[in-house]
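Thank you all for coming. Please take a moment to look at what is on the screen before I go through it.

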Amino acid sequence: MNVLYFLIPLAMLLAIGAVLTFVWAVRRGQFDDLETPAIRILYDDEGDE
Amino acid sequence: MASVPSPGCEHCGLPVPEHRRGAEGELFCCAGCEAVYYTLHEAGLERFYELRQVWAEPVPVQEAPEEAEGRFALFDDLEFLGQHSEFLADGTRKMEVYLEGVHCAGCLWLIERMPRVIKGVVEARFELSKSRLTLRWQPSETGPGRALKWLEQFGLHAYPVHSDRIEARSEQGRKMLVKVGICWAIAANVMLLTIAVYAGLSAESDPGLYRAIHWVTFGLTTISLWVGGSLFFRRAWGALRMRRLSMDAPISLGILVGWGHSSWVTFQGVGEVWFDSIAVLIAALLTARYLQVRGSALAADAAERLVALLPRTARRVVDGVVEVIGADRLEVGDLVEVRAGDVVPADGVIQTGASAVSRSVLTGESRAEPVALGEALEAGTTNLQSPLRLRVTAVGEATRVGRLMQWVETRGRHRAPVVQLADRLGSVFIFFVLVMAAFTAVLWWHVDPARAVGHVVALLVIACPCALGMATPLALTVGLGQAARRGIHIKHDDVIEPLSRVTDVVFDKTGTLTEGRPRVAVVYGDEGMARAAAALEERSGHPMAAAILSWASGRGAGELQDVEEVPGAGIKGRVGERRLALGRPTWFGDGEGQGQEWVRGVVEAGYTPVAVAEDGEVRAVLGIGDAIRDEAAEVIEELRGRGVRVHLLSGDDPRVVRATAKTLGIDEDRVRGGATPEGKLEYLKELRERYGKAEVAMVGDGVNDAAALQDATIGIAVQGGSEASLVAADVFLIRDGLRPLSELLGGSRQVMRVIHRNLIGSGLYNVFGIGLAAAGFITPLLAAVLMPVSSLAVVASSILQRSFESEEAPRGEVTPRAVEEATPAVGVSS
C-alpha cells in the first residue's frame, strides 16, 4: 500500500493541472458563448478558396 | 405547410412577378434581393445559399439598401471610437456592436467572412446568444463604418453598444464558473479518496494511510470552503444583519458544522470525517447559483439590446450644412434632418417636407401615417418616404420615449418581488431542522452523551437542504433554457409560478391577434383590372405598395410606362395599353357613384380604401387592413380548454373590435374597444374586482400597452411589438404567431409540476432522514452516503423535464411563403 503515498500526490498534481487548464479556458472566454461554435463548425472550406 | 416548389426568388424564395428577370435569367422578387444576390456573388460568397438551409428561420426579404452614409460616419468618428473601441497591442482596434437580423448559419458565415472581403478588417466574430459582433480592424486601412455598411446591405443593422455593464456581467459569470470548476474538481477528488474509507480502510487496518487521507481531504475541503463556501457565508451574514433568515443560513450552518466537526476529528485522530459530503454540497449549490446568475444575465443582455435600438445618431443642420452627431448632443431648438429609412432622434416639429412615417416603435401600429408641415413627431418614429427637417422640441429623457422608459424602469424596481416557493418552504424547514437538532442533542445527552455529537451531526448532514436548495433554481433554469430555445424569452424566473396560475388572458388586438402588417383584405369592383394596376406599385415607395404587390403577385401584365407618383395622392401610368392609376379615393374626385359606395363599404368594415381607376374613372376599390393571425382562433380555444378566461382590449374602433371578438368567439362582456392606456389599466382593475383573485396575463405589443403590461401580473410582449413594450414585459415571444403563448402557459405549468415533485420528494426524504437520525438509526457515515442520493434524484428530475418541448414542428419550419399562401386575407383592420 505504500505506493499510495506516491500515487495520491501524483493524482493531486494531475487534478491541479486539469483545474489550471479549465481556469485558462474560462479566462480566454471559451465558455462565454456555447451556441455560435456549433454553427461555426459548418464552414469547412476554410482557406481553400 | 405544403407549398408548391415554384421557381421563387433566387435570394429569398418568395414568388416572383412575371416581369422581373435578372441579367442572366435569374428570378428576383424585388430590387433589394437582386442587389443582395449580386453583391454576394461578386464577393465570392455564394456558399451563403447552402449554409442558410442549416439553421432556424428563413431569410426574410430585405429592403433595398437605403442610403445612410451618415449613420456609418458615426462609427468612424474619432471621438466615438475613443469611447467605444480599444487599441490592441498589434496596432489594431477592437469594438463591439449589436447586430440585428442574423437569422441563419448563412448570415453568421457571411459576417465572419468579412476579413476576406473588406481590406483592413482583421477579425469579425459574432455571438449568437448576445447578438454581438466583435470587430477588429487595422485603422490605417479602413474604419468600422465601411464594414458595418457592407453588412447593412444584407439587412444586418448595427447599433453601438452603450454600456459596459454587459462586460461586467460576463466577467462575474466567468469568475463564478471558475469557482464551480474548482469546487467540482475538489469534490470529485475528495470523494475518490473517501471511497477507500467506505471500502473498509480504517484506523486499525492501516493507521498511517487512514490519517493521511483525513489530512488530504481536510486540506482540499478547506480550499473548497474558501473558494466556494464563502459566497454562502457572506450572503447568509448579510441577510442575518438585516434580521432575515435566508436559504443561505442553513446551508452555511450545515457546511460549517460539518467542516468544524470533521476538522476536529482530523486533529484529534479519532472518529469519522465527512469532508466528501461537504465538498459535494458546496459544488452542487454553487452550480445552482451559477445557473441562476447566467440565466438572469442573458435576460439583462436582451433588455439592454432593446434599449440600444433607439436612435443614437442625428443629422443636425447648421447653416444649411448637414453634420452627423450623437443624438445625446442634440439640443432643443436644433434643426435635424431625417431621411427616408431613418429613425427620428428626438421629439420635434416638421419644418420642411411631407412624408409617411411609422410609429410602430411607440404604438406597435404598423400602418404608415402621412405627416405634413407643422406636425409633431416623437423620437423613435421611422420616416418611410421622403426627407424631413424637424425643429427639436425635446431631447433625451424629456422625450416621450425617454419618459416612458423611465416610468417602466422605476415601476419595475418598485414591484414587489414574488417570494419563491422554495424560500418560503426553506425558512420553515430551517426552523424545523434546528429544533430537531436541539431536541436530538438534549435527548441523547441524557441517553448516551458519548454518541450525542455523532447523532446530531448525522442529522445535520442528512437534513442538509442540498436537494431542497437545488430543486427550484435547477428546474427553473432548465425550463427557461428550453423555453428560450423555442423562442420564448422569460426575463425573470420568478414569473413562472404566477404564469402557471393565470386565470385571465387579456389580448390587445393590434399586432397580437392580427399579423401586424397590411394586406389587401377586400376587393370591390373589377378585380382583374385592379391586379393589372397593382404592377404600378412596383415603382412606388409607399408603405402600402408592398401589400398591394404581394396580393397581385405574379400577375402584373405588360410594360410600365410614364409612371408618375404624386405624393399624398397615388401613382399613375401606363401598363401595357391601359392607362391605370391607384390612390386615395379623393384623388379621383368626390362625386357620387358606385365608387363612393365601395369606399363607404370599405371604411365601415374598418379598412383603408385605395381606389383603382382606368382612364380617370374608378373601377375598383381595395380595402387594406391587418388580417387576423391564422392560429388565433385555435389558440384562444385552447386557452379556454385550460380554464382561462379570454379578454379582448383594444384602442381601436369599438365596432371593429366587436367584429373581431365575434370572429374569434370571445364573450361580448369581455371585450372593450376604444380603450386609452388609462382605460386599459382601469379594465385590469375592474377585472380583479369582478373575479376576486385574478392572475392576469396581458398580451400586448404597443407603447400604449406598456402601462398595462407592467400592471398585469404577467406582461407578455409579442414578436414585432414596440421596443418599449418589450422592455416593460416579463416575457417576450420572439417566434412569430400566437402558438408560443399556449406553449408558454402549458410549459410553465409543467415546470411548476417538476418543482413541486422535487420539493415534495426531497422534503419527504429529509423528514424521514431527520426522524431516523434523531432516533439514532443513522451514523454520520451512512448519512453522508445517503445525502447525495436525494440531490442526484432532483438533478435528474430537473434536467429530464420536457416542459416546453411539444411534439410540434421544430422552429423554422414555417416559411414566409407558406404563411403567405396559408393565410387568406380575411379579417378586420386594426
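Chain B holds 29 helices and 27 strands, where helices (H or I, at least four residues) and strands (E, at least two) are DSSP runs numbered from the N terminus. This is a predicted model, in which local features need pLDDT of at least 70 and side-chain atom pairs count only at pLDDT 80 or more, while totals for chains, interfaces and linings use all residues. Residues are numbered from 1 along each chain as its sequence is written, chains are lettered from A and ligands numbered from 1 in the order in which they are written, and side-chain values use heavy atoms, with hydrogens and water left out.

Of the 830 residues of chain B, 54% are buried, that is, under 20% relative accessible area with a 1.4 Å probe, counting protein chains only. Helix 19 of chain B, residues 527–534, is mostly covered, with six of its eight residues buried, and these are B:M529, B:A530, B:R531, B:A532, B:A533 and B:A534.

Helix 1 of chain A contributes A:L4, A:Y5 and A:M12 to the contact, and helix 9 of chain B contributes B:G208, B:L209, B:A212, B:V216 and B:L220, contact meaning heavy atoms within 4.5 Å.

Note on methods. Buried means under 20% relative accessible area, exposed over 50%, partly exposed in between (1.4 Å probe, protein chains only).
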